[in-house]
Amino acid sequence: MSDLALGGRKVLLIVGGGIAAYKALELVRLLKKAGADVRSILTEGGAAFVTPLSLAALTGHPVRQGLFLPDDETTMGHIELSRWADLVVVAPATAGLIAKAANGMADDLASTTLLATDKRVLLAPAMNVRMWTHPAVQANVDRLKGFSGLHQVALVGPDEGEMACGEFGPGRMAEPAAILTAIARMLSAPLSGAGVSRPLAGRRAVVTAGPTFEPIDPVRGLTNRSSGKQGYAIAAALAERGAEVTLVSGPTGLPTPAGVTRVDVETALQMQAATQAVLPTDIAVLSAAVADWRVDTIAGGKIKKAPGGPPALALIENPDILAGVAKAGPRRPALLIGFAAETIDLEANARAKLSRKGCDWIVGNDVSGDVFGADGNTVLLVTKDAAEPWPRLSKTEVAQRLADRIADHFAPEP
């Protein structure tokens, strides 16, 4: 996470009550490593899972716990804290804290601070799957998403998986690294809402991300190395600028970005079908690492080792999703952007791909170093007229810069 620079940014962390509170300690560590100044509020429920001493040791500041504690409130602590922060983060955000924030309830230090703040808020929900899917919780979430301007609220997660209660489904708090990425993105994004420009409002976009997986048998497959981080960051950046974004994702462990519709696929054929189904769009950013080949015949059972050595696999080519979208006729996106992952001759290979595929821009991606799974990227933006090298940036910063270029492309002529 060293690529995420938060030097001098001030983050107020509210730790709610839930088993996921232990992840807040790792989040503090990551924030401090990125250069942020962190202060914390620990709710009564949160204190059942983490200690004030742990938070104080990691943040380097006293932990605030009560609305009516003399040491905290002699200087109107909740007002002071709410004004001090650049961003307020609630992790874990319980159903109770979400309800209070959505309905203006203020009966403890955490909820009072949330009501008193004039800064944006990031929630990392964490609760049982049945609680998360309850209509009351979803109504409160929708209400919060409708806040704008200085009171803008965003969510990161929840993730899907096995929970402490033994049930499985959406409701797990996002991992600290994902929350850190959301924090960096939110701190770098302009405010949305009344009086604030959302340059891609009314535009539709499709983004592909992650790898594809081509099964050989029920347990093995062909794939490419890709974390999906860059594509997910691009989807988030386009949504922040007002676009209606569909993210077609291969297998990843990443949470769905706020305001983005996600379609999960596994194979290249599935990704092709899901991408074509979204068209027509104004924007397509096809950043997925699609496997070039698949086996001609998938074995019905696990292929066993045999004395004769490994089996011979007959491979056939997968569809060219980028070229297919370029040839979609009236359904072709107005701006079609592909990615070229290269280890040598980045500009030459990217320019050749631009011509061969029939797209408008290519983001040439230098993968000769430590790129896969990392949070930084070195890219070259290639158009029909120019090739613009970008310095090494975090994947969030690459996404923000690319989204700004896309917004400029669609801006009306002066």
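A salt bridge here is a side-chain nitrogen of Lys or Arg within 4 Å of a carboxyl oxygen of Asp or Glu. Keep that in mind as you go, because side chains of opposite charge can pair when their charged atoms come close.

Before you click anything, two bits of housekeeping. This is a predicted model, in which local features need pLDDT of at least 70 and side-chain atom pairs count only at pLDDT 80 or more, while totals for chains, interfaces and linings use all residues. Residues are numbered from 1 along each chain as its sequence is written, and side-chain values use heavy atoms, with hydrogens and water left out.

**Stop 1: a salt-bridge network**

Select K23, R172 and E175: salt bridges link them in a network. Zoom in on R172 and E175, whose side chains meet in a salt bridge at 3.8 Å, N to O. Are these two covered up or open? R172 counts as partly exposed because its relative accessible area is 30%, and E175 is partly exposed too, at 37%. The cut-offs are these: buried means under 20% relative accessible area, exposed means over 50%, and partly exposed is in between, using a 1.4 Å probe and protein chains only.

**Stop 2: one turn of a helix**

Now pick E26 and R29. Both sit in helix α1 (residues 22-33), three residues apart, which is about one turn of the helix. Helices (H or I, at least four residues) and strands (E, at least two) are DSSP runs, numbered from the N terminus. E26 and R29 form a salt bridge, with their closest N and O atoms 2.8 Å apart. E26 is partly exposed at 32% relative accessible area, and R29 is partly exposed at 39%. How many salt bridges does the structure hold? The count is 16.

**Stop 3: a nonpolar patch**

Select I19, Y22 and F49. They form a nonpolar patch on the surface, with about 330 Å² of accessible area together. Patches are made of residues with over 30% relative accessible area and no salt bridge; like charges are joined within 9 Å, and nonpolar side chains (Val, Leu, Ile, Met, Phe, Trp, Tyr) within 5 Å. The areas come from the Shrake-Rupley method with a 1.4 Å probe, and for residues only the protein chains shown count as cover. F49 belongs to the loop between β2 (37-42) and α2 (52-59), and F49 is partly exposed because its relative accessible area is 42%.

**Stop 4: a covered strand**

Go to strand β8 (residues 204-209), where five of the six residues are buried. β8 pairs with strand β11 (residues 244-249) in the parallel sense, over six bridges; two strands pair if DSSP finds at least two bridges between them. Click A209 and you'll find its bridge partner in β11, S249. β8 also runs parallel to strand β13 (residues 283-286), joined by four bridges. Here, V206 stands opposite A284.

**Stop 5**

Most residues other than glycine have a negative phi, and most peptide bonds are trans. Where do things go the other way? P158 is in the loop between β5 (153-155) and β6 (159-162).

Then jump to D345, which has a positive phi of about 45 degrees although it is not a glycine. D345 lies in the loop between β16 (335-342) and α13 (346-357), and D345 counts as exposed because its relative accessible area is 53%.

**Stop 6: further along the chain**

Select E388 and R405, whose side chains meet in a salt bridge at 2.7 Å, N to O. This pair links distant parts of the chain: E388 is in strand β20 (residues 387-389) and R405 is in helix α14 (residues 395-410), 17 residues apart. E388 is partly exposed at 27%, and so is R405, at 28%.

Last, pick W390 and R401. R401 lies over the face of W390, at 5.2 Å from the ring centre; a charge sits over a ring if NZ of Lys or CZ of Arg is within 6 Å of the ring centre and within 35 degrees of the ring normal.
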